[in-house]
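Thanks for making time this morning.

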Amino acid sequence: MANIALIMIDFQRDFCAAGGYSDRFAGLDWVTPIIEPARRLLDAARRAGHLVIHTREGYAPDLSDCSPAKLQRSRNAGSEIGSQGPMGRLLIRGEYGHDIIDELKPIEGETVIDKASYGAFCGTNLQSILRAQGIDTLVFAGVTADVCVHTTLREAYDRWFYCYYVADAISCFDPEIRLACEKMITEEGGIWGQLATSGEMIALWGQTEAREPAPLGAKS
């Protein structure tokens, strides 16, 4: 199972901590419950020796890489990109709020992909990193389900990566949208990959490395 990578999407203070971008209009009740499952998933991936990649959404201080439409949308939401918050300017690269929360902080050797986009493949070297490592299967955790996670998932699937969507380690502001994002994975025989839980993935990674990975839920 050395062809697997765990993709930890945008577990940044601006999305997951008090005073950040998301907290201004959505609070933190939507994200707090997924931090612990994500931490267990991350620890298990490290123990199994899988490639771990973290992503961060953020923009240049002069907002030159933030489209007018995106800036206006954030303004409409009451949390304008680039405005001042308690952890620095919201979603600006280099600010304290832009970095990943301490619970899920990258360790030495793990790659961090900075993106001025929702999808982690857009304008980055993520695909070349994965191909160079022989990766063909991606396991997703992160925020938000309907925006950065699903966008990256769909980019990945169109690039022929097989995808696991870890439902208890992925969330978004609206619980109905979160459930819809999970349901979309399973439509048409698994059109975007396979729905999983953190416990299932951790158990799968605990199997002997000599065995082929079985589909989740299959009897061994």
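Leaving aside its neighbours within four places in sequence, which residues is Ser171 in contact with? Before I answer, a word on provenance: this is a predicted model, in which local features need pLDDT of at least 70 and side-chain atom pairs count only at pLDDT 80 or more, while totals for chains, interfaces and linings use all residues. Residues are numbered from 1 along each chain as its sequence is written, and side-chain values use heavy atoms, with hydrogens and water left out.

With contact taken as heavy atoms within 4.5 Å, the partners of Ser171 beyond those neighbours are Trp30, Ile34, Gly142, Val143, Thr144, Ala145 and Arg178. Ser171 is found in strand 7, where strands are DSSP runs of E with at least two residues and helices are runs of H or I with at least four, numbered from the N terminus. Its relative accessible area is 2%, so Ser171 is buried, a class that means under 20%, against over 50% for exposed and partly exposed in between, using a 1.4 Å probe and protein chains only. A polar atom of the Ser171 side chain lies 2.7 Å from the backbone oxygen of Trp30, and a polar contact of 3.4 Å joins the side chains of Ser171 and Arg178; a polar contact here is a pair of N or O atoms within 3.5 Å, where within protein one must be able to donate a hydrogen and the other to accept it, and residues adjacent in sequence count only if both atoms are side-chain atoms.

Turning to the packing, a nonpolar core is a set of buried Ala, Val, Leu, Ile, Met, Phe, Trp, Tyr and Cys residues joined through side-chain atoms within 4.5 Å. The largest has 39 residues, of which Met8, Phe11, Val139 and Met201 touch the most other members, and helix 3 gives the most to this core, with 7 residues. A second, separate core of 26 residues includes Phe121, Leu126, Cys163 and Tyr165.

Finally, the charged pairs: with a salt bridge defined as a side-chain nitrogen of Lys or Arg within 4 Å of a carboxyl oxygen of Asp or Glu, the count comes to 13. One of them joins Arg13 and Asp102, with the closest N and O atoms 3.1 Å apart. Arg13 lies in helix 1 and Asp102 in the loop between strand 4 and strand 5, so the pair ties together parts that are 89 residues apart in sequence.
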